[in-house]
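The report below takes up the charged side-chain pairs and the metal site in turn. Please keep the sequence and the model at hand while reading.

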Amino acid sequence: MKSTRKTIGTCLSLLSVLLIFLTASCEDYRYKVEEVDPDAVVSFDTVIQPLFTSNCISCHGAIRNPDLRQGKSYESLTKGGYVTLPAGTSKLYSTITSGSHISYLDDPEKLKVLYWIEQGAQDN
Ligand code: HEC
């Protein structure tokens with residue numbers, strides 16, 4: 001009887017250690033998710049173009065529209081009608097959030113593109 005109680009005791013302490021560990025790792029995860037402030041001005045040069053350069057130009061160069069290479073992308077996007085309002089239904093945002101393109105950018109990156117278009121798709 002005594003040993004049964006001891007075993008239950010050991011199990012309970014192991015369980016609490018596990019719980020503490022799980023809670024701690026969940027919190028860590030929460031803090032790793034990047035928050036995107038909808039009121040912060042999104043710069044085309046320092047925020048949006050680097051996303052294109054890292055994730056898009058392997059396919060979107062001179063041959064495929066829109067041309068997303070540095071120095072070409074802004075004109076290609078605005079003249080091609082990719083960044084119209086409302087931002088949520090613009091060709092650029094719809095493309096990066098659906099179909100074959102859904103995983104080229106992560107969620108905070110997609111939000112930055114959305115906010116940049118909402119803010120008037122400026123060459124800033
Ligand atoms: C692996 C190659 C590849 C990559 C990487 C890629 N695209 Fe594309 N993209 C395509 C192809 C192919 C099409 C046309 C067919 C389709 O929609 O899948 C296309 C279509 C598009 C269109 C619609 C063009 C139109 O005129 O209808 C947009 C906008 C676009 N891509 C933006 C992006 C952005 C922004 C990125 C980076 C986040 C990106 N693409 C990354 C291959 C790619």
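Lysine 110 has a relative accessibility of 8% and therefore counts as buried, where buried means under 20% relative accessible area, exposed over 50%, and partly exposed in between, computed with a 1.4 Å probe on protein chains only. This is a predicted model, in which local features need pLDDT of at least 70 and side-chain atom pairs count only at pLDDT 80 or more, whereas totals for chains, interfaces and linings use all residues. Residues are numbered from 1 along each chain as its sequence is written, and side-chain values use heavy atoms, with hydrogens and water left out.

**Salt bridges**

The partner of lysine 110 is aspartate 107, and their side chains form a salt bridge with an N to O distance of 3.9 Å, the term denoting a side-chain nitrogen of Lys or Arg within 4 Å of a carboxyl oxygen of Asp or Glu. Both residues belong to helix α5, 3 residues apart, about one turn of the helix; helices (H or I, at least four residues) and strands (E, at least two) are DSSP runs numbered from the N terminus.

| Pair | N to O distance |
|---|---|
| Aspartate 67 and arginine 69 | 2.7 Å |
| Lysine 79 and glutamate 75 | 3.2 Å |
| Aspartate 107 and lysine 110 | 3.9 Å |

Lysine 79 and glutamate 75 lie in helix α3, 4 residues apart, about one turn of the helix, and lysine 79 is exposed, with a relative accessible area of 68%. In the pair of aspartate 67 and arginine 69, the aspartate is buried at 11% relative accessible area, while arginine 69 is partly exposed at 31%.

**The iron site**

Which residues coordinate the iron atom of the ligand? His60 and His101 do so, each through NE2, at 1.9 Å, donors being N, O and S atoms within 2.8 Å of the metal (3.2 Å for Na, K and Ca), with water not among the atoms, so that sites may look incomplete. The pair links distant parts of the chain, 41 residues apart, with histidine 60 in the loop between α2 (44-55) and α3 (73-79) and histidine 101 in the loop between α4 (91-96) and α5 (107-118). Histidine 60 is buried, at 12% relative accessibility, whereas histidine 101 is partly exposed, at 22%.

The site of the iron atom has 6 donor atoms, with angles of 88 to 179° among them, and is octahedral, a label given to six donors if opposite donors are over 155 degrees apart and all others between 65 and 115. Ideal angles for six octahedral donors are 90 or 180 degrees.

How values were computed: Tetrahedral: all angles 85-135°; square planar, octahedral: opposite > 155°, others 65-115°.
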